[in-house]
Amino acid sequence: MAEPLYNDARIASFYDLENRWAPDFDLCTALADGAGSVLDLGCGTGELAAALAPGRRVVGVDPAPAMLAIAASRPGGGAVTWIEGDARKLSLGGTFELVLLTGHAFQVFLTEADQLAVLKTIRDHLAPGGQFIFDTRNAALQPWEHWQKNDRKRLTHPELGPVTIWTETTFDAARSVARYVKHFHIESTGQTLSAPSEIRFDDQPHIADVLARSGLAPTRWLGDWYGTDWRPDSPEIIPVGTLG
């Protein structure tokens, strides 16, 4: 399912302004060392997939055509196979030594059935001896409470100039889902672009349960992208593992 937030090519063009190379890419690059093939689910604008492509087979999958258009046109993008697809229903007929689902993409799967479906995709595409990694924010810290208070920022778009970005968030406790609307105000034109999104929050025991039911076996739980072991107060829940 394509996130409404990035269905619009104009809004997709803001993604790389907010999401630059960060510790998650560093850790994934280290995991890819020695891997001859990588599947990047929810690859977005493809920065990580393109960086991993030299010397190995890399496939990037995303449901949003606007994001894939940016991915294909970026430096190194020609070395990656880009596929428009839903990670819950993907069947590529092959396996990979490393399967990634980063950028909190796991959280866009709002039901347990959706989570189990995407984890099955990871299992079905993971080679024996290969590794998977994904991330989700730790629900115990209630991070959505801080988004509206601290989220307004001003960035410079390479074509549109200064842009102010902010988020309005509500939380549905019954579903454990945050619904937010992201706004992009373009100062040069006075235009404001807006798009909604929903993401789910879970605790570590739930993630451990759906992994076990999906035939995946975590070998390590990280609490951040610097490689720190997971604790109940960690900001992230990041399982790294293999086939069960």
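## A salt bridge within one helix

Asp124 and Lys120 lie four residues apart in helix 6, so about one helical turn separates them. Their side chains meet in a salt bridge, with 2.7 Å from N to O. (A salt bridge here is a side-chain nitrogen of Lys or Arg within 4 Å of a carboxyl oxygen of Asp or Glu; helices, H or I with at least four residues, and strands, E with at least two, are DSSP runs numbered from the N terminus.) Asp124 is partly exposed at 34% relative accessibility, and Lys120 is partly exposed at 42%. (Buried means under 20% relative accessible area, exposed over 50%, and partly exposed in between, using a 1.4 Å probe and protein chains only.)

Before we go on, note that this is a predicted model, in which local features need pLDDT of at least 70, side-chain atom pairs count only at pLDDT 80 or more, and totals for chains, interfaces and linings use all residues. Residues are numbered from 1 along each chain as its sequence is written, and side-chain values use heavy atoms, leaving out hydrogens and water.

## Other salt bridges

The whole structure holds 15 salt bridges. In one of them, Arg213 meets Glu112 at 2.9 Å, N to O. That pair links distant parts of the chain, with Arg213 in helix 8 (residues 204–213) and Glu112 in helix 6 (residues 112–125), 101 residues apart.

Another joins Arg88 to Asp86, whose closest N and O atoms are 2.5 Å apart. Arg88 is partly exposed, at 21%, while Asp86 is buried, at 15%.

## Strands side by side

Now look at strand 8 (residues 161–172), which pairs with strand 7 (residues 153–157) in the antiparallel sense over five bridges. (Two strands pair if DSSP finds at least two bridges between them.) A hairpin of three residues joins strand 7 to strand 8, and Lys153 stands opposite Ile165.

Strand 8 also pairs with strand 9 (residues 177–186), again antiparallel, over 10 bridges. Here Thr167 stands opposite Lys182.

## Rings that meet

There are seven aromatic pairs. (Rings of Phe, Tyr and Trp, the last by its six-membered ring, pair if their centres lie within 6.5 Å; planes under 30 degrees apart are stacked, over 60 edge-to-face, and the rest tilted.) Among them is the stacked pair of Phe14 and Phe184, at 4.7 Å centre to centre with 15 degrees between the planes. Phe14 sits in the loop between helix 1 and helix 2 and Phe184 in strand 9, so the pair ties together parts 170 residues apart in sequence. Phe14 is buried, at 1% relative accessibility, and Phe184 is buried, also at 1%.
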